[in-house]
Amino acid sequence: MKGYAMLKIGQSGWIEKERPVCGPMDAICKPLAIAICTSDVHTLWEGAIGERHNMILGHEGCAEVVEVGSMVKDFKPGDRVLVPAITPDWNSLEAQAGYSMHSGGMLAGWKFSNFKDGVFSEFFHVNDADGNLALLPKSINIVDACMLSDMVPTGFHGVELADVQFGDTVLVIGIGPVGLMAVAGCALRGASRIIAVGTRKVCVDAAKKYGAGEFISYKDGPIYKQVLDLTGGKGVDKIVIAGGGVETFAEAVKCLKAGGKIGNVNYLGSGEMVEIPRVEWGVGMGHKMINGGLMPGGRLRMEKLSSLVTGGRLDLAPLSTHVFDGWEHVEEALFLMRDKPADLIKPVVKIEKA
Ligand code: NAD
Ligand code: ZN
């Protein structure tokens, strides 16, 4: 089979590999559509997870099941499925402790294009098919379905980590696709005021649709000063971080109220230390909580999040700004994500012929 792979840090291309083998609890799937992620860019060009040789890229997509193992009960060849980017081992101790995304070790629930070949391939392997796949609802098109692999679960996890409550004033730092889904999640959770950090018109327009009412730019000076100005010096109740670098945390702590919470889902691709300003952290006693997490994956999560789409509570159409047809466009879509033209939110490649 053919797959589009990271050959080594900074180099990618098509390679030929053996079709993966299906274990008793597993499924083999073929993509219906795939999406490119900022994390693919971090992995390939920044070497953020270290060197990988001839590893097929990609962890976002929806698919058709072509083979299932003898113990798989709920899926069969021909089923159209949602595929989460994170596919935990559900019988692990970490999953039993409530952290399935870390099953087998920290971040080890992230298998596609990390520990094993990803989904930019004619066929790909899914561990624990009953625990990780979900049926693709008929009313969700294959482009929107790709947004349920990673963008929706990650953005929404930022909202969970920040513990957004009715009436909260929330700051969302970074409004790429993940930040946009964080904005949508804050609105669904009942935030009264959503301030977003970002300037690209396509992102600002989408953020307004999802519920952000005020915008600031990190290019106009420190974020915290602008947030304090907007809030009469009080700061915000909650912060979701979905963009920026290690330096963003200090800014966030400075404009968070005492008792506030920060939920980070940003992938910190560089920098040694995350610095916390002592005084603004209440000299250690401000009850300002900082949490960061990999998205939870798995079937229940996919079913619940997709029900927001089928129920008309979440519109994913604004995210997929660039849609291509056919495998031959995977490279173009990947390079587009690296170069981030001003009108891009998310590139998607449809594999299934219309
Ligand atoms: P993106 O690059 O499209 O969006 C990030 C946005 O942040 C960009 O629009 C950028 O202009 C903006 N930005 C850059 N510097 C900033 C600053 N100092 N302050 C505010 N905004 C700034 O990326 P994305 O696809 O939306 O993903 C966001 C992050 O989440 C990435 O790092 C990605 O790798 C990570 N991610 C994490 C998980 C997870 O499970 N935790 C899953 C998927 C993606
Ligand atoms: Zn992703």
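The 4 donor atoms around the zinc ion (ligand 2) subtend angles of 94 to 125 degrees, so the arrangement is tetrahedral. This is a predicted model. Four residues supply the donors: Cys37 through SG, His59 through NE2, Glu60 through OE and Asp150 through OD. Their distances to the zinc ion run from 1.8 to 2.2 Å. Along the sequence, the donor residues follow the spacing C-x21-H-E-x89-D. Cys37 sits in the loop between β3 (27-35) and α1 (38-45), and Asp150 in the loop between α4 (142-147) and α5, so this pair ties together parts that are 113 residues apart in sequence. Cys37 and Asp150 are both buried.

The side chains of Asp150 and Thr154 are joined by a polar contact of 2.6 Å. Thr154 belongs to helix α5, which spans residues 151-162. Is Thr154 buried or exposed? Its relative accessibility is 8%, so Thr154 counts as buried; the cut-off for buried is under 20%. Leaving aside residues up to four places away in sequence, Thr154 touches Val178, Val265 and Met295.

Two of these names return at ligand 1. There are 23 residues around ligand 1, and Thr38, Val265, Asn266, Met295 and Lys340 come nearest. Pro177 places a polar backbone atom 3.2 Å from an oxygen atom of ligand 1. On the side-chain side, an N or O atom of His42 is 3.3 Å from an oxygen atom of ligand 1.

Next comes Val240, in strand β12 (residues 236-241). Val240 has 0% relative accessibility, so it counts as buried. Which residues does Val240 touch, not counting those up to four places away in sequence? The list includes Gly158, Val159 and Ala162. It also includes Val170, Leu171, Val172 and Ile173. Ala182, Cys186 and Gly263 complete it. Val240 and Ala182 are 58 residues apart along the chain, yet their C-alpha atoms are separated by 7.1 Å.

Finally, the wider span. An unreviewed UniProt entry annotates residues 10-349 as "domain: Enoyl reductase (ER)". Residues 10-349 are 27% helix and 23% strand. The end C-alpha atoms of this span lie 22 Å apart.

Terms used
Residues numbered from 1 in each chain as written. Chains lettered and ligands numbered in written order. Predicted model: local features only at pLDDT ≥ 70, side-chain atom pairs only at ≥ 80, totals over all residues. Heavy atoms only, no water. Helix = DSSP H or I, 4+ residues; strand = E, 2+ residues; numbered from the N terminus. Buried < 20%, exposed > 50% of the residue type's maximum accessible area, 1.4 Å probe, protein only. Polar contact = N/O pair within 3.5 Å; in protein donor to acceptor, adjacent residues only side chain to side chain. Contact = heavy atoms within 4.5 Å. Donors = N, O, S within 2.8 Å, 3.2 Å for Na, K, Ca; no water. Tetrahedral: all angles 85-135°; square planar, octahedral: opposite > 155°, others 65-115°. UniProt positions renumbered as here; feature names shortened; annotations may be inferred. Near = heavy atom within 4 Å.
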